Amino acid sequence: MCCICMQQPAYQCTVCPKGSYSTTSGASTCTLCEAGKFANHTGSTTAAVCEACIANADSAAGSACFCNAGFYGDGVNSCVECIANSDSPAGSVDSCFCNAGFFGDGVTTCEPCQAGTYSEGVAYYTISLDGGDYSQEMSVEIRDSTKSV
């Protein structure tokens, strides 16, 4: 007798993967958890295991929860809001990035660029408008790339 699972060729059973469940033993398919919910275990046997994503997270049907745009984290335990002057795309795990005109690590700081400099965003540095590029955070000159405005 098979466990509650997905039927495979030669009637070999495999438990349903994360994000799905089956209430019938030997079923030919597993049912995906609905959007906004996720089953974080394999072999789930009821829709009740599909838990709602945490605040500021979402999921597609059968997919793991992920943080919404403007937040970062694993989507299961935490989704941290980006600091002022920063942003992140949906699904960001490690950090946010500074918006254009600001520089920093995107998590603890996004400072405005000084007069005469700019940043295109996603930058730890600002770029001098006089044509000499430099890294303000690391004081490393970059000679093979110049920008002009």
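The protein has zero helices and 18 strands, where helices (H or I, at least four residues) and strands (E, at least two) are DSSP runs numbered from the N terminus. This is a predicted model, in which local features need pLDDT of at least 70, side-chain atom pairs count only at pLDDT 80 or more, and totals for chains, interfaces and linings use all residues. Residues are numbered from 1 along each chain as its sequence is written, and side-chain values use heavy atoms, with hydrogens and water left out.

User: In which strand is S86 found?
Analyst: The strand in question covers residues 86–87. S86 is therefore a residue of strand β11.

User: Is S86 buried or exposed?
Analyst: Buried means under 20% relative accessible area, exposed over 50%, and partly exposed in between (1.4 Å probe, protein chains only). S86 has a relative accessible area of 11%. Because 11% is under 20%, S86 is buried.

User: Which backbone oxygen does the side chain of S86 reach?
Analyst: The distance is 2.6 Å. The backbone oxygen reached by the S86 side chain belongs to I83.

User: Which residues is S86 in contact with, leaving aside its neighbours within four places in sequence?
Analyst: Contact means heavy atoms within 4.5 Å. With those neighbours left aside, the residues in contact with S86 are C96, F97, C98, N99, G106 and C110.

User: What percentage of the residues in the protein is buried?
Analyst: The protein has 149 residues. Buried residues, S86 being one of them, make up 32%.

Conventions:
A polar contact is a pair of N or O atoms within 3.5 Å; within protein, one must be able to donate a hydrogen and the other to accept it, and residues adjacent in sequence count only if both atoms are side-chain atoms.
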